[in-house]
Amino acid sequence: MMRQTLLALFLLFSSALGFLPLPPSRPLTSLSAVEVNQKNIGVLRPFSGIYDPLNLMADGDEAFRRRRISEIKHGRVAMVAVIGNLAPQLGIVFPGYISTSEKVLFSDVATGNSFTALTKIPLFGVFQILVFAGLMECWTWKQEKTAAPGDVGGDDWVRYQDVAVKEEKLTKELQNGRLAMLAIFGLMVQEQLNGKGAIEMLGF
């Protein structure tokens, strides 16, 4: 029980760090903030440039931009999905009802694996999730053509003035997103293979 509690606190603390405000020395800037070369973002050793053995980049910069936007978006969703997968296994569940009309508790949804949880959400609840995602995609966090890939925060988004720092932060986000995409895929496949979550497999 102690190990489970410590692991839960660690996950919550790690997630909270991403929402800490920047020091006053880092000002907020407009959409015309310092630009970086997107083809330098996410490039790690031993490669010195974009690794493209299938020559997918041959169709031009616009196609690259579209794929980069999709990669960032999917990575962000995957990072949230990993937290959503692990949190219920650690006993972190919202109190009360997810649906008062159908008497479905949040704790009812948290039992079982990810696919089972989806079937326990009332149909209208699934509809609400899809509508919310659509609003975020098309309105609240819409990707503007004049903004850099992934820059969907409007004037309230924190942007870095130093190019090197900005490239480092964007690379970290991209790499964490790539890891999360693999992680959530692995977690869900494992659940289907043996019916056990990652926390249970670790012995917690």
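**Labels and cut-offs**

User: What is L86 in contact with, leaving aside its neighbours within four places in sequence?

Analyst: L86 is in contact with L187, A198 and I199 once those neighbours are set aside. Contact here means heavy atoms within 4.5 Å. Bear in mind that this is a predicted model, where local features need pLDDT of at least 70 and side-chain atom pairs pLDDT 80 or more, while totals for chains, interfaces and linings use all residues. Numbering starts from 1 along each chain as its sequence is written, and side-chain values use heavy atoms, without hydrogens or water.

User: Which residues make up the largest nonpolar core?

Analyst: There are nine: A78, V82, L86, L90, A180, I184, L187, A198 and I199. To get that name, a set has to be buried Ala, Val, Leu, Ile, Met, Phe, Trp, Tyr and Cys residues joined through side-chain atoms within 4.5 Å. Two or more of the core residues come from each of α2 (61–89), α6 (163–194) and α7 (198–201); the helices are DSSP runs of H or I, at least four residues long, and strands are E runs of at least two, numbered from the N terminus.

User: Why is A78 called buried?

Analyst: Buried means under 20% relative accessible area, exposed over 50%, and partly exposed in between (1.4 Å probe, protein chains only). A78 has 6% relative accessibility, so buried it is. A78 is in helix α2 and, apart from neighbours within four places in sequence, contacts G177, A180, M181 and I184. Over the whole chain, 25% of the 204 residues count as buried.

User: How do you know that the end-to-end span of α2 agrees with its 29 residues?

Analyst: The expected span is 1.5 Å times one less than the number of residues. For the 29 residues of α2 that gives 42 Å, and the end C-alpha atoms are 42 Å apart, so the two agree. After α2 comes G91, with a positive phi near 85 degrees.

User: What makes E71 and R178 a salt bridge?

Analyst: The rule asks for a side-chain nitrogen of Lys or Arg within 4 Å of a carboxyl oxygen of Asp or Glu. In E71 and R178 the closest N and O atoms are 2.6 Å apart, so the pair passes. E71 sits in helix α2 and R178 in helix α6, so this bridge ties together parts 107 residues apart in sequence. E71 also meets R68 in a salt bridge, at 3.3 Å, N to O, and R68, E71 and R178 are linked in a network. The whole structure has eight salt bridges.

User: Is R68 buried or exposed?

Analyst: Buried, because its relative accessibility is 6%. R178, by contrast, is partly exposed at 25%.

User: What makes F124, F127, V131, L135 and W139 a nonpolar patch?

Analyst: Patch members need over 30% relative accessible area and no salt bridge; like charges are joined within 9 Å, nonpolar side chains (Val, Leu, Ile, Met, Phe, Trp, Tyr) within 5 Å. These five form such a patch, with about 600 Å² of accessible area together (Shrake-Rupley, 1.4 Å probe; for residues, only the protein chains shown count as cover). W139, in helix α5 (residues 123–140), has a relative accessible area of 69%, so it is exposed. In general, nonpolar side chains tend to be buried together in soluble globular proteins.
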